[in-house]
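Student: I have a structure open and want to go through it. Can you take my questions as they come?

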Amino acid sequence: MEHSFYLSLLLLFVSFVSLSLFFLFYRHWSPFTAPNLPPGRMGYPMLGESIEFMSTGWKGHPEKFIFDRIIRFSSEIFKTSIFNEPTVVLCGPTCNKFLFSNENKLVNAWWPENVKKIFPTTIDSKLESKRMRKLLPQFLKPEALQRYVGIMDSIAQRHFASHWENKTHITVFPLAKRYTFLLACRLFMSVEDGKDVEKIEGPFHRLASGILTLPIDLPGTAFNKGIKASKFIRNELLRIIKQRKVELGEGKASPAQDILSHMLLTPDEDGHYMNEMDIADKILGLLIGGHDTASAACTFIVKYLAELPHVYDQVYKEQMEIAKSKSEGELLTWDDVQKMRYSWNVACEVMRLAPPLQGGFREAITDFIFNGFSIPKGWKLYWSANSSHKNPEYFPEPQKFDPSRFEGKGPAPYTYVPFGGGPRMCPGKEYARLEILVFMHNLVKRFKLQKLIQDEKIIVDPMPTPAKGLPVRLYPHKA
């Protein structure tokens, strides 16, 4: 009798496990049975090919995941499973143009679930995304940007005086992050007191580190730290927002002084204003977008300037012509930045070789056919910057550093996409150009550079980062 009881328990357990596994495998494989899908493979249940997708970045070569499959399947469009989602990867300028041109028609922006948990309020709202794309150009239009150049230069000068000057060597990446974070805090919400910035800077970096990690919400994991940091920063932003509302009411703050005031005072088409939590989420998203990508770009600009003396010399010559035209204490102007043509070509070539944004996800909002392949509604689509940036068809000798690629008309449309392209061009592109060029100006007019780790490993997780933060030796120019 007792043996029968245990045998029944064992059979129930085996049946339960078998059914669970069947359901797991069925759920994983069933989306891939749709007709006329692109070639590809689905990987393992739950994991898909997520580990391979991320591990090539951890090893410093995120393009390997893409190019290996292009070769294996003889197609620039292939299917896979990433972050437990059936996904089609689209490569090259034709695919880039298709995705960027069909936003809100065939596809919408999409983020993995772990991002939504760190940004729980409005990150997946298509309405809010449209609102932001209408709101930002007002703040980032040329007339507004022109008055930021002097502010950026002033902040950069203080930053270099405090953290670079009178030092023999520094670690670039954390200082680049501090520079771009200082700018974002000042220009987005007029926070410039050092203590106020420091209060949110540490949690902000923990949040950024947790965004695209494995979504394991256990104490001590990067994901768990990111969620906690997000809550802390939101509360701080809500405090800043409430204070700004009071200051605006008392006439102590200007409606046009920064994007925070602009958000508080600008209604949508129906006359509705964003609530405080929505604004906190939007400011948090802007801090991420205006900080992480630019700090990665600035870091790799230092890397290549240190590695390539002939490039450094031309940037130095251009920047010193501008510096010598300025009187003592005179700040950079919009016109000065327009003269930095070679320097911007160098920055563009850096972002081609080490794109701060490796790519992005979209979600199909209807069934459609592209290049002869069926894309089912609900499937995710991923575009890859490296699929064109490092393709010799579009950039001959793609591993060679050559700023002249960006002279004249520059690369063909949709081949160079560090800021997206077409209707989906990042509205912050010009802001990023200013903060990068101001950084370059203040860097090269002070120092020559030498890398301290010649073969430092690069990790892409999800943005490119030198494994040791890029330590360099500084050689100040003689007065």
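Tutor: To begin, Ile51 is found in helix 2, which covers residues 50-58. Keep in mind that this is a predicted model.

Student: Is Ile51 buried, exposed or partly exposed?

Tutor: Ile51 has a relative accessible area of 35%, so Ile51 is partly exposed.

Student: And which residues make the nonpolar surface patch with Ile51?

Tutor: Tyr44, Met46, Leu47, Leu214, Ile216 and Leu218 make the patch together with Ile51. The area of this nonpolar patch is about 660 Å².

Student: Changing topic. Where does Lys380 lie?

Tutor: Lys380 lies in strand 8, residues 380-384.

Student: Buried or exposed, that Lys380?

Tutor: Lys380 is buried, because its relative accessibility is 4% and the cut-off for buried is under 20%.

Student: What does the side chain of Lys380 reach?

Tutor: The Lys380 side chain reaches the backbone oxygen of Gly378, at 2.7 Å.

Student: Leaving aside neighbours within four places in sequence, which residues is Lys380 in contact with?

Tutor: Lys380 is then in contact with Glu85, Pro86, Thr87, Val88, Trp110, Arg362 and Glu363.

Student: Now the whole protein chain. How many helices and strands are there?

Tutor: The protein chain has 18 helices and 12 strands. It has 479 residues, and 53% of them count as buried.

Student: What about contacts between residues at least 6 apart in sequence?

Tutor: Of those contacts in the protein chain, 70% join residues at least 24 apart.

Student: Last one: what is the accessible surface of the protein chain?

Tutor: The accessible surface is about 22700 Å², and carbon and sulfur atoms account for 58% of that.

Technical notes: Residues are numbered from 1 along each chain as its sequence is written. This is a predicted model: local features need pLDDT of at least 70, side-chain atom pairs count only at pLDDT 80 or more; totals for chains, interfaces and linings use all residues. Side-chain values use heavy atoms; hydrogens and water are left out. Helices (H or I, at least four residues) and strands (E, at least two) are DSSP runs, numbered from the N terminus. Buried means under 20% relative accessible area, exposed over 50%, partly exposed in between (1.4 Å probe, protein chains only). A polar contact is a pair of N or O atoms within 3.5 Å; within protein, one must be able to donate a hydrogen and the other to accept it, and residues adjacent in sequence count only if both atoms are side-chain atoms. Contact means heavy atoms within 4.5 Å. Accessible areas come from the Shrake-Rupley method with a 1.4 Å probe; for residues, only the protein chains shown count as cover. Patches are made of residues with over 30% relative accessible area and no salt bridge: like charges are joined within 9 Å, nonpolar side chains (Val, Leu, Ile, Met, Phe, Trp, Tyr) within 5 Å. A salt bridge is a side-chain nitrogen of Lys or Arg within 4 Å of a carboxyl oxygen of Asp or Glu.
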